[in-house]
Amino acid sequence: MKEPLVPVIPMSHTAHIRSHRKPRRSATSSIALRAGVAGGVLSMAAAGASASANAAEPVTQTIELPTLTADMSAQVAQSAAATQQAAANYELRAERDAAAAKAATEAKKDLAEAKKKAEAKKKAAEAARKAAAERANRSTERATLSASASASTSVSAPASGSVATVIAFLKAQVGDAYVMGATGPNAWDCSSLVQAAYKQVGVDLPRVSQDQSMAGTDVPLSSIQVGDILYWGGKGSAYHVGVYIGNGQYLDAANPSKGVVIQDLSGYPASGAVRVL
């Protein structure tokens, strides 16, 4: 039996000589860098591998970097707090400035209102003073007229004439003005008109209403006749007079707004009456 044949591979004539080339480094060398920031902490890892000239597998080495952000986190927090406090201070200052401006405006408005009220009060006081002076003047005038006529409160008998003459005179004055203290011919007060009417028939009456209410003979209001003098107020202290002209009407110098008019007695009932004719 024949032995198997072993193939013979021819070798290079330099195969037995050791190579002088430098050994190859590992085909790959890797470095991995990872960085992350979480809560102000920075971490970094690096890995590298190098192969020895003759090794087939790489070697990995991890390098830990020291932590750098412990103080940085505190500083960031302090900075944020300071910024928030500054914002709060600015806001508070703005609110105070706005409140001060509003208070100044309100104070100015209140001052103007106070001045306005004071001026109105002053005008009202001046008007009241003038009204009081006018009332005092009227009272003085009435007192003077009453004093001048107080010497005679009786009525002399008429020498001639009649009630018709009195009524005709009164009606001729309708439409004339009412003026306190006036005695005609185009303006009258209540007592001067009555006095002038009866003077037409020779009856001399006192000047003022208080005294005219005391003249002649008292007449019940249920029995009054044309030509009787009507008065309002107490006898001897009457504040107004007129003359009854019949049909439930009387004629008088009423007031500044009406003047001399004819009115219904039912609308303003008299307090009493006297008869002089």
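## Aromatic pairs and a buried glycine

Phe169 and Trp188 are both buried, a term that stands for under 20% relative accessible area, with exposed over 50% and partly exposed in between (1.4 Å probe, protein chains only). This is a predicted model, in which local features need pLDDT of at least 70, side-chain atom pairs count only at pLDDT 80 or more, and totals for chains, interfaces and linings use all residues. Residues are numbered from 1 along each chain as its sequence is written, and side-chain values use heavy atoms, leaving out hydrogens and water.

Let's look at the rings. Those of Phe, Tyr and Trp (its six-membered ring) pair if their centres lie within 6.5 Å; planes under 30 degrees apart count as stacked, over 60 as edge-to-face and the rest as tilted. The count by this rule is three aromatic pairs, including these two:

| Pair | Type | Centre to centre | Between the planes |
|---|---|---|---|
| Phe169 and Trp188 | edge-to-face | 6.2 Å | 85° |
| Trp232 and Tyr268 | stacked | 5.2 Å | 15° |

Trp232 sits in strand β7 (residues 229-232) and Tyr268 in the loop between β10 and β11 (272-275), 36 residues apart; strands (E, at least two residues) and helices (H or I, at least four) are DSSP runs, numbered from the N terminus. Trp232 has a relative accessible area of 1%, so it is buried, while Tyr268 is partly exposed at 34%. Ring pairs join Trp232, Tyr250 and Tyr268 in a cluster.

Now for the glycine. Gly259 lies in the loop between β9 (249-253) and β10 (260-264), and is buried because its relative accessible area is 4%. Beyond its neighbours within four places in sequence, Gly259 has contacts (heavy atoms within 4.5 Å) with residues including Asp176, Tyr178 and Asp252.
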